[in-house]
Amino acid sequence: MTDRSEADSARETRRWCFADQLGPHFLDRPDQLALLIESRAVFERRRFHRRKAHLVLSALRHRAAELGGQAVFLQTRTYREALAQVDGPLSVCQPTSWAADRFVRSLPSVEVLPARGFCTTGDQFERWAGGQRTLRLENFYRSARRRFDLLMDGDEPVTGRWNFDADNREPAPKNEPALGVPAPWRPDEDEIDEQVRADLDRWERDGEVAFVGSDGPREFAVTATEAQQSLEVFLRDRLPHFGPHEDAMLAGDRFMAHSLLSAPMNLGLLDPLQCAYAAEDAYRDGTAPLASVEGYIRQLIGWRDYIWHVYWHFGRNYRRRNALQAHAALPDWFAELDADAVEAHCLRDVLAQVRDHGWVHHIPRLMVLSNYALQRGWHPSAVTDWFHRCFVDGYDWVMVANVVGMSLHADGGLMATKPYAAGGAYINRMSDYCGGCRYRPGVRVGDDACPFTAGYWSFLSRNSEALQGNHRMKQPLAGLGRLKDLDEVLAQQRAMGNRPP
């Protein structure tokens, strides 16, 4: 076999890979020519978390180093500046945001291919959605299980059960500081990480960019090899323990048994379907219980794909939905990750984790951060942008559906059948936060009133008319009507304003 001539290489369509399309499955063959662009303007437009900026740039530069002369790697201020330096035809897999998709489709020399890095294709989702009265996740998940033959015996689920969610809601262990599972895989930084950190320091010092959050050692994989190592450690050491406590929180255990694979997967370093089959192998081999494996596979082929397709299915204006008319601005202490200003133990600890690491698992996101924002009526687009910027695994497609649809009920129920609002009793049941907190989860008025409990009733009162027709809210709204101290609760909440709790 002979090497391709320079003339052949010049005629070949080069694959442009964005910084979240860095795995080998974004190339058609191992030796395909590639284009990688590092655009500084991305960081000039928004104040991203410092750790997120480091992770993305480290992954992009590691991929450029892996590909060597096979890739053209351009570091410019804008994408257009880089593209002006590239000769010959380009192809790109569908980008992961409406803005980027519109941009690449406006370029006449760029062929836009179907998306990669997800399990269900856009056409498959639309065919499924066309036959549904409502886009219920569970129905989508079951159809995906059948299509991919995952955890199936013929046309039926193994053991006859589709969903082990009810078994995976155990509260945090009592009187235990941590779950006691093996630690997740951790990377070793190299000279590329050192250079990224030096560049970020210089850009910030020169006033070109600004960040939120704290810097620190890299915690997530940035190459396909590292991501595979991280996956293998999870499957071997942590997946067996994942299921039962996946909805629980412990102040001394920020990882619990979660995979920590969302960041490398959203960089395009892991194929989610391959991860799902690897998890199924762990069940078939007897090394992980079915409830844990099913819960993890549901996150991959169910929830993650569902969130991706909802983002596109409901259109680019979906992000602007605000069914509950929530218009309050994010307070500075929240926007700037000022955890030290907060006294409420759960919110203080979770916000500190975001500040210091740019990551918490899904329950603190939903039931602490988003729950607090929902109760206070913060504007959905502002909360969406905050999650996008402040989380290392946050991208537009990830956060729009998760925040607008799931967390803040701003889509009026297109995704979730009821708002995910909860008082302090839920946090007390599912965590160890309340025992060491100055606020009491069962108290709604007074100096020791739990801000989540008081906020819950304030939320129901403010939105009672909008939620009146929701049958799942009938019981909570009936409880609101029986509350004898509601006026005191609301007056105290108004006096509190946007001060940190």
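**Starting from one tyrosine**

Let's begin at tyrosine 296: apart from neighbours within four places in sequence, it is in contact (heavy atoms within 4.5 Å) with Leu231, Phe234, Leu239, Phe242, Ser259, Leu261, Met265, Cys275 and Ala279. Before I go on, a word on the ground rules. This is a predicted model, where local features need pLDDT of at least 70 and side-chain atom pairs count only at pLDDT 80 or more, while totals for chains, interfaces and linings use all residues. Residues are numbered from 1 along each chain as its sequence is written, and side-chain values use heavy atoms, with hydrogens and water left out.

So what does Tyr296 belong to? Tyr296 is among the residues with the most contacts inside the largest nonpolar core, along with Leu239, Ile301, Leu369 and Trp386. That core has 144 residues. By nonpolar core I mean buried Ala, Val, Leu, Ile, Met, Phe, Trp, Tyr and Cys residues joined through side-chain atoms within 4.5 Å. Buried is under 20% relative accessible area, exposed is over 50%, and partly exposed is in between, with a 1.4 Å probe and protein chains only. Helix α12, residues 290-313, gives the largest share of this core, 13 residues. Helices here are DSSP runs of H or I, at least four residues, and strands are runs of E, at least two, numbered from the N terminus. There is also a second, separate core of 14 residues, including Leu35, Val86, Phe103 and Leu107. As you'll know, nonpolar side chains tend to be buried together in soluble globular proteins.

How many of the residues of α17 (residues 396-407) are buried? Twelve of its twelve. Just after α17 comes histidine 409, with a positive phi of about 55°.

Valine 354 sits in helix α14, residues 345-357. Valine 354 counts as buried because its relative accessibility is 0%. Leaving out residues up to four places away in sequence, Val354 touches His49, Leu337, Trp359, Val360, Leu369, Trp386, Cys390 and Phe391.

Most residues other than glycine have a negative phi. Leucine 260 has a positive one of about 60°, and asparagine 175 is near 60° as well. Are these two buried or exposed? Leu260, in the loop between α9 (224-242) and α10 (262-266), is buried, with a relative accessible area of 6%. Asn175, in the loop between β7 (156-157) and α8 (191-205), counts as exposed, at 79% relative accessibility.

Finally, let's step back to the whole chain. The protein has 22 helices and seven strands. Of its 501 residues, 58% count as buried. Among contacts with a separation of 6 or more, 74% are between residues 24 or more positions apart. The C-alpha trace spans about 85 × 60 × 45 Å along its principal axes.

That's my tour; happy to go back to any of these spots on the screen.
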